[in-house]
Amino acid sequence: MKFDTVIMGGGLAGLISGIYLSQQGQRCAIVSSGQSALHFSSGSFNLLNRLPDGQPVTRPLAAIEKLIQVSQAHPYAKLGRENFESLSHQAEQFFRNIDIPMYGSVEKNHYRITPMGIMRPTWLTATDFVISYEEDRLPWKKVALFNVSGFLDFFSAFLIEEFACLGTTCEVHTLDLPNLGRIQKNPTELRSIHIARVLDKLSNRNYLIGNLKEQSADCDVILLPACIGLEQADIVPYLSEKVEKPVLLLPTLPPSTVGIRIQRFLYHHFLSLGGTYMLGDSIQSGTMKGGRIQEVYSQNHQDISFSANHFILATGNYFSQGIIASKEHVYEPVFDLDVAYQTDRQQWYNPILFKKQDYQEFGVITNRNFQGIYKGERISNLYVAGAVLEGFNPIHEGSGGGVSILTALHVANLILNT
């Protein structure tokens, strides 16, 4: 099978690079083993919340020079300040162009709310979600907070307490949804996607609208757990119109309804551009000659090869086995690319769970053009993007989404300019 570019990995980095290349007329294939980290998304993408030394970041553009000085292996350092800025603007425009509306700008972080009610800085947030441009307050005095009866992945008590610290009063209500009992197998097995399948049905809309309208008369805004809109992206604006009051969402524990929706949207958009998406398959090996990948082979297609002018490795981190940690070392399983990691296993982690964990920074080594390195030599037509890269700590820095998006667009630009 012959393509212009073969992309290994169907998560955020793989889909964005595939869509962008396809928009420019390339024939692309994405080979994806299955579920990506988008299924655990909060509805926001972080760009840079903290520097490696823990210093908080409010304005990413103002902080990027300092990051480059202290962390030369960081993907943002390889991009450089000018590329970091231009790619951030390109990413914001990319989402607008494919009709995924987002709040946010590279100029200044805004604040999202975690499932526990804590304010956290971020770059881009889906427009249906609660945000604030100030860290210590919300834009409302009183909110109507609704939960679904039996839904345990949404913590009203935490939200009430945290909102009070931000100067906002919560009035809590419970929705007893019709037809919910028959999909709840036991008292603890009720997830956001189960509820969304009920709430998204047209037959339940009037019930929901009536309850929201009746119980929120003296409140400024209605807040719901993000367990709606799995299939229909416009359902929240629809509710706002019918209730005649703003309706917004708060994130829940995974699985993420909005993350799954974004994944599906990107997937279908890629297909609409003529892309080939092979779900439930994974690239196992490749042949190399003269410093170039000639073809790759997948688990399902075995001796039927995928050949291309360019290849992108966007297989993710430990979660999706883009890199694998054994007791002795960390390795990349497809091409055995060079990987940066500490040889002393005791230095991989901090026993204090919420401290910085060094194993998060392990990943595939690349040159400044994000070309993969094999035994010290670059592979000229193999580019690496996203969470599989070395040199950044997505949790400690709050940079995971930004690294995936910016490096995906960057390697796509490099391919198009080759």
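Let me begin with His110, which counts as buried because its relative accessibility is 1%, and the cut-off for that word is anything under 20%. Please keep in mind throughout that what we are looking at is a predicted model.

If you find His110 in the structure above, you will see that it belongs to strand 5, which covers residues 110-113. Which side chain does the side chain of His110 meet in a polar contact of 2.7 Å? The partner is Thr125. Leaving aside residues up to four places away in sequence, His110 also touches a number of others, including Tyr103, Gly104, Arg120, Trp123, Leu124, Ile131 and Tyr133.

Strand 7 consists of residues 124-126, and it is joined to strand 3 by 2 bridges, with the two strands running antiparallel. The sheet as a whole is open and has 3 strands, in the order 3-7-4, with antiparallel pairing.

Now let us turn to another pair of strands. Strand 9, residues 142-148, has 6 of its 7 residues buried, and it is therefore largely enclosed by the rest of the structure. It is joined by 7 bridges to strand 10, residues 169-175, and here the two strands run parallel. Within this pair, Asn147 of the one stands opposite Thr174 in strand 10.

Next comes the second largest pocket, which holds about 310 Å³ of space. There are 16 residues in its lining, and those nearest its centre are Asp99, Pro101, Ala233, Arg261 and Phe265. Which element gives the most to this lining? That is helix 8, residues 257-272, which contributes 6 residues. Sorted by class, the lining is made up of 9 nonpolar, 5 charged and 2 polar residues.

I will finish with Lys355, which sits in the loop between strand 19 (339-340) and strand 20 (363-364). Although Lys355 and His396 are 41 residues apart along the sequence, their C-alpha atoms are 8.0 Å apart in space.

Technical notes:
Residues numbered from 1 in each chain as written. Predicted model: local features only at pLDDT ≥ 70, side-chain atom pairs only at ≥ 80, totals over all residues. Heavy atoms only, no water. 1 Å grid on protein atoms, 1.4 Å probe; cavity = no way out; pocket = protein on both sides within 12 Å on 5 of 7 lines; lining within 4 Å. Points joined across faces, edges and corners; volume = space filled by probe spheres on them. Helix = DSSP H or I, 4+ residues; strand = E, 2+ residues; numbered from the N terminus. Nonpolar A, V, L, I, M, F, W, Y, C, P; charged D, E, K, R; others polar. Buried < 20%, exposed > 50% of the residue type's maximum accessible area, 1.4 Å probe, protein only. Polar contact = N/O pair within 3.5 Å; in protein donor to acceptor, adjacent residues only side chain to side chain. Contact = heavy atoms within 4.5 Å. Pairing = 2+ DSSP bridges.
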